Amino acid sequence: MKLIINGKILTYPASLSLQSYLEQQNIDLEAIVVEINEKIIKRIDWPRVNLNEFDVVELISFVGGG
Amino acid sequence: MNDFEQALTNYFLPEQLAKIEKTKIGIAGCGGLGSNIVVCLVRSGFKNFELMDFDVVETKNLNRQYYYLDEVGQSKVDVLSTRLLKINPDLKIKKVKAQLSDENIASYFQDRDIIFEAFDNVPSKKLIMETFGNTNKLLIFGCGMAGITNQSEIKIKKIKNNIYMVGDGVTCVGPENPPLAPRVFACASLMASAALEAVLYNIPA
């Protein structure tokens with residue numbers, strides 16, 4: 001299945017939950033918010049959201065300071 | 001219309017001022033970003049604010065936050081409100097002296113058109129985005145404004161129709177990158193600028 005992640009087209013095995021996708025990435029899960037097809041997905045919902053072909057996924061990273 | 005508002009007619013058309021004045025603004029955090037953003041907004045004619053900060057002014061804030069030495073120990077929200085009313089005495093300010101949490105966020109910012117995320121910590125930034133990201137409110141986040149060098153440029157990035165991130169996106173506050181007035185002001189000013197543009201050009205449509 002093809003996913004568009006932060007603007008790049010990448011191929012992954014079919015049937016992948018958002019949670020398992022994120023855990024495979026080398027990113028700080030405490031510092032990101034996830035958006036799929038222009039909808040923000042709350043962290044509590046990550047395990048029950050499945051990724052589907054051509055989903056547009058944005059991983060929005062935050063850094064501290066303000 | 002008071003003298004300050006009368007003077008704004010030198011710079012804005014009446015219909016532009018009307019749009020600005022009716023916009024309800026939320027400022028989540030009145031530190032380095034929030035205290036400077038809100039001054040930009042008041043000087044640009046905005047009048048209706050919800051200011052949130054649980055903290056008092058500390059001497060270590062004075063390098064970048066819009067407070068004075070003789071205000072140390074006083075509530076940031078109180079001091080800032082007094083200051084803003086000296087610019088425009090006819091502001092409507094809702095003061096919130098509370099720390100934002102999962103449990104209480106539903107009580108705040110509900111009627112706001114624009115929310116500025118101006119907290120220093122990442123969990124609070126995420127909480128604002130996860131709570132209000134799928135509403136039609138315009139959200140403007142500060143993200144990466146620490147340090148001395150400008151190797152990473154501070155700019156406005158549109159994430160989606162109603163969400164802007166302003167900053168360099170990478171420079172976290174830490175021992176090597178302290179929060180300093182020049183880049184914090186730059187970020188705060190661009191955040192206010194993004195809001196003014198959005199209000200006057202009807203973004204999000």
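Reader: Which residue in β7(A) stands opposite A:I5?
Author: This is a predicted model, in which local features need pLDDT of at least 70, side-chain atom pairs count only at pLDDT 80 or more, and totals for chains, interfaces and linings use all residues. Residues are numbered from 1 along each chain as its sequence is written, with chains lettered from A and ligands numbered from 1 in the order in which they are written. β1(A) and β7(A), residues 56–61, pair in the parallel sense over two bridges (strands pair if DSSP finds at least two bridges between them; strands are DSSP runs of E, at least two residues, and helices runs of H or I, at least four, numbered from the N terminus). In β7(A), the residue opposite A:I5 is A:V57.

Reader: In what order do the seven strands of the open sheet in chain B stand?
Author: The pairing in this sheet is mixed. Its edges are β3 (92–96) and β6 (155–160) of chain B, each with a single partner strand, so one side of each has no neighbour in the sheet. The order is β3-β2-β1-β4-β5-β7-β6.

Reader: Which residue of β3(B) is the bridge partner of B:E50?
Author: β2(B), residues 48–52, runs parallel to β3(B) and is joined to it by five bridges. The bridge partner of B:E50 is B:K94.

Reader: Are α3(B) and α4(B) roughly parallel or roughly antiparallel to each other?
Author: Helices α3 (residues 32–43) and α4 (residues 76–87) of chain B pack with their axes 10 Å apart, at an angle of about 20°. Axes are lines fitted to C-alpha atoms, for helices over the stretch in contact, and angles run from 0 to 180 degrees between N-to-C directions. Angles under 35 degrees count as roughly parallel, over 145 as roughly antiparallel, 65 to 115 as roughly perpendicular and the rest as oblique. α3(B) and α4(B) are therefore roughly parallel.

Reader: Which residues of α4(B) meet α3(B)?
Author: Contact requires that the C-beta atoms of two residues, placed from the backbone, lie within 7 Å. From α3(B) come B:S35, B:V38, B:V42 and B:R43. Their counterparts in α4(B) are B:L80, B:L84 and B:I87.
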